[in-house]
Amino acid sequence: MLRKPFFILSFVLLAVLGRAAGYQHPGGMHPAAQITFVKKMIKTRTAPYVQAYQQLLAKADSAFDHEKHVLADFNVPGYYTDPEGHRKNSAGFQSDAFDAYACALAWQLSGKEKYARGALGFMMAWANENSGYSDFDGPLVMAYSGTAMVMAGELLYHYRGWSEKERQQFFSWVENVYLKACKEIRTRKNNWADWGRLGSVLCAHLLDNPQEMAENTRLIKSDLFHKIAPDGDMPEETRREKNGIWYTYFSLAPITAACQVIYQSGGENIFEVTEDGKSIKKALDYLFYYNQHPDEWSWFKDPRPGSPDSWPGNLFEAMGAIYGDSRYSAYSQPARPICYDKHHFAWSFPTLMRPFLTFEGREKQK
């Protein structure tokens, strides 16, 4: 019969080994190597990183002047049936989520504890007071705005001022509210699924759940080439009349961000997966061309294009680094440093946190 002290020691060792078998934290969207690289760029005052860092600090500092907007029931009516109600109830969560993310990233890069405490204020307000979502757009808006909350949790993972009780409360909210919303929509045919899958892989990393990561990898690959046509258009999005260019971006932003999380979590490189000439890069090229030539868009007259300082500038700033495509970088460069701080959160800080697949030898990359 085993002696009790030996049994207890064995249990502790198993717990430690189980923790060690999980993902590296912080990681996923912002792997530790990226954070180290960006800190070096800031220390050496390398452009455009140092300018983007100052932009981040300004965003984080402004968060201390913002009220919190927690809704116990995150009720979001459909945009096309009640646009005012949709915008009103969405805006508060989006503001709080971005502020949590900006403060958490500012803490990682500066080491200043005030930012960690600021991030926790927004995170724990929602974890303690929000218990669900409802109405037609509730799960969608929860998914595409809550990504920032999960990324904030990842960035604060090792913050010593985060009590174990608070940590478990936040993780419980992530699993039982946020991830539930993501799972509800991740099998849809259009951008709803893309946001559900991005949210799900972020949760998988934060909660050390490789099965969840594998399932979402499978889902992304299962219909990627149904979403993307041979010429690069995305039929579920281009049919959205005057907003077809926007919705193409709104699908590609979470798809590419999910690919980043999967790859940086030790998974495969879906950025390079092709089938019959179709690929994510082909879809990006299609968006890139028609966003600059909306008069040639055949799907609807006078579609709404974006700009370098907003969408899709944030996406192409990130994808210029992933694919090494100088055209993408040239498009976004005049708007640097780019920060996308509203509505949805995938590539929010693409100038500061440029998503190279590897950060070795990138010191000279501008």
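Is Arg336 buried or exposed, going by its relative accessibility? Before I answer, please keep in mind that what you see is a predicted model. Arg336 counts as buried, because its relative accessibility is 19% and the cut-off for that word is under 20%. Its salt-bridge partner is Glu317, and the closest N and O atoms of the two are 2.9 Å apart. This pair links distant parts of the chain, with Glu317 in helix α13, residues 313-323, and Arg336 in the segment after α14, 19 residues apart. Glu317 is also buried, with a relative accessible area of 0%.

Staying with Glu317, its side chain is joined to that of Thr351 by a polar contact of 2.7 Å. Thr351 lies in the segment after α14, and its relative accessible area is 0%, so it is buried.

Let me turn to the other salt bridges, of which the structure holds 17 in total. One of the pairs here is Asp61 with Lys114, at 3.6 Å from N to O. Because Asp61 lies in helix α3, residues 49-63, and Lys114 in helix α5, residues 113-129, this pair ties together parts that are 53 residues apart in sequence. Asp61 counts as partly exposed at 32% relative accessibility, and Lys114 likewise counts as partly exposed, at 36%.

Another salt bridge is formed by Glu215 and Arg218, whose closest N and O atoms are 2.8 Å apart. These two residues are three apart in helix α9, residues 210-227, so about one helical turn separates them. Glu215 is partly exposed, with a relative accessible area of 28%, and Arg218 is partly exposed as well, with 46%.

Helix α9 also holds Glu212, which is buried, with a relative accessible area of 9%.

Glu84, which sits in helix α4, residues 83-110, is exposed, with a relative accessible area of 62%.

Finally, the backbone. Most residues other than glycine have a negative phi, and most peptide bonds are trans.

As for phi, Arg45 has a positive value of about 55° although it is not a glycine. Arg45 is found in the loop between α2 and α3, and it is exposed, with a relative accessible area of 61%. Asp208, also a residue other than glycine, has a positive phi near 55°; it is found in the loop between α8, residues 191-206, and α9, and at 22% relative accessibility it counts as partly exposed.

Conventions
Residues numbered from 1 in each chain as written. Predicted model: local features only at pLDDT ≥ 70, side-chain atom pairs only at ≥ 80, totals over all residues. Heavy atoms only, no water. Helix = DSSP H or I, 4+ residues; strand = E, 2+ residues; numbered from the N terminus. Buried < 20%, exposed > 50% of the residue type's maximum accessible area, 1.4 Å probe, protein only. Salt bridge = Lys/Arg side-chain N within 4 Å of Asp/Glu carboxyl O. Polar contact = N/O pair within 3.5 Å; in protein donor to acceptor, adjacent residues only side chain to side chain.
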